[in-house]
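Colleague: Before we go through the cavities and pockets, please put the model up.

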Amino acid sequence: MAKVEKNFSTMERSSTLFNILEVDGIPLPVLSKEMWNKISNFQARPDDLFLVTYPKSGTTWMQEILDMIKNDGDVEKCKRVNTLERYPFLEVKFPHKEKPDLEIALEMSSPRLIKTHLPSHLIPPSIWKENCKIIYVARNAKDCLVSFYHFHRMASLLPDPQNFEEFYEKFMSGKVLFGSWFDHVKGWWAAKDTHQILYLFYEDIKKNPKHEIHKVLEFLEKTLSDDIINRIVHHTSFDVMKYNPMANQTAVPSYILNHSISKFMRKGMPGDWKNYFTVAQNEEFDKDYQKKMTGSTLTFRTEI
């Protein structure tokens with residue numbers, strides 16, 4: 001049973017409050033203990049597909065790929081509504097929506113695609129029980145940190161990151177939403193040995209999207225023609241998605257995501273961390289990384 005430790009609010013840069021619930025020491029954007037109980041008791045269905053990521057690891061990108069696969073490469077169908085409206089986030093209540101995404105998920109017809117940033121040990125037990133298929137996307141920690149920093153700058157509902165140095169320290173110590181990147185990627189890596197999990201890497205998708213899409217199709221036991229797969233590769237490329245209002249989050253109200261501060265889709269290229277890390281930070285990070293990843297067979301590329 002997960003230990004719900006405390007519920008507190010952080011004053012935002014506006015008059016709004018952002019609720020954080022600590023569960024097993026991990027800060028989650030959950031409104032209340034009652035809501036966490038509902039999330040924990042979520043009833044999965046055998047044909048549910050879960051897309052799991054640590055924040056800023058390619059969630060929107062993989063959702064677009066999965067939506068294109070589901071709709072057999074029909075671009076117009078994939079532009080029906082913006083990404084936040086298409087598929088629910090298990091643990092999130094967005095202020096511009098009338099109800100929590102959890103309730104939206106409960107009302108959906110099967111087969112459902114549901115997103116979550118939850119670490120493996122906090123996932124609703126019914127997901128394991130129903131042996132649901134899970135696609136996990138992992139991104140190298142350095143680029144993830146930089147992207148998460150910029151997301152905090154533009155997302156009015158997240159705590160103000162102050163500056164890169166402060167956010168760097170919080171990320172390193174796991175004092176950010178959804179906790180430690182290290183624990184998250186390692187937890188799901190271990191879970192793949194006993195569950196139906198396809199574990200993908202952001203950098204691999206960037207380098208050879210067609211190859212990785214074939215892996216997804218095989219995992220989902222679906223066949224598509226080469227023409228359709230090429231269309232998916234093109235439609236889900238960074239350069240196309242960046243200008244697609246149904247994917248780049250510009251359709252989300254600006255009081256939630258302020259694109260004048262930072263774009264939701266900034267660069268999407270592995271290695272951007274080099275523009276932010278000092279030499280000292282990089283050395284410190286590498287030392288800490290080696291320590292925390294000791295014993296794991298996980299390997300990441302920090303550039304391609």
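Colleague: Which residues line the largest cavity?
Modeller: This is a predicted model. The structure holds 1 cavity of 30 Å³ or more, and the volume of the largest is about 30 Å³. Its lining is made up of Val-30, Leu-31, Met-35, Ile-39, Leu-90, Glu-91, Val-92, Lys-93, Pro-100 and Leu-102.

Colleague: By class, how many residues in the lining of the largest cavity are charged?
Modeller: Glu and Lys count as charged, and the lining includes Glu-91 and Lys-93. The lining has 8 nonpolar residues and no polar ones, and the charged residues number 2.

Colleague: Is Ile-39 buried or exposed?
Modeller: Ile-39 sits in helix H1 (residues 33-40). Leaving aside residues up to four places away in sequence, Ile-39 touches Val-30, Leu-90, Glu-91, Leu-102, Leu-118 and Pro-124. Buried means under 20% relative accessible area. Because the relative accessible area of Ile-39 is 0%, Ile-39 is buried.

Colleague: What separates the C-alpha atoms of Ile-39 and Val-92?
Modeller: Both Ile-39 and Val-92 are in the lining of the largest cavity. Along the chain they are 53 residues apart, and the separation of their C-alpha atoms is 9.8 Å.

Colleague: Which helix gives the largest share of the lining of the second largest pocket?
Modeller: The second largest pocket has a volume of about 360 Å³. Of its 17 lining residues, Asp-47, Leu-49, Pro-111, Arg-112 and Leu-220 lie nearest its centre. By class, the lining divides into 9 nonpolar, 2 polar and 6 charged residues. The largest share, 3 residues, comes from helix H2 (residues 59-70).

How values were computed: Residues are numbered from 1 along each chain as its sequence is written. This is a predicted model: local features need pLDDT of at least 70, side-chain atom pairs count only at pLDDT 80 or more; totals for chains, interfaces and linings use all residues. Side-chain values use heavy atoms; hydrogens and water are left out. On a 1 Å grid over the protein atoms alone, a cavity is a set of points where a 1.4 Å probe fits but cannot get out, and a pocket is an open set with protein on both sides within 12 Å along at least five of seven lines; lining residues have an atom within 4 Å of a point. Grid points are joined across faces, edges and corners, and a volume is the space filled by probe spheres set on the points. Helices (H or I, at least four residues) and strands (E, at least two) are DSSP runs, numbered from the N terminus. Buried means under 20% relative accessible area, exposed over 50%, partly exposed in between (1.4 Å probe, protein chains only). Contact means heavy atoms within 4.5 Å.
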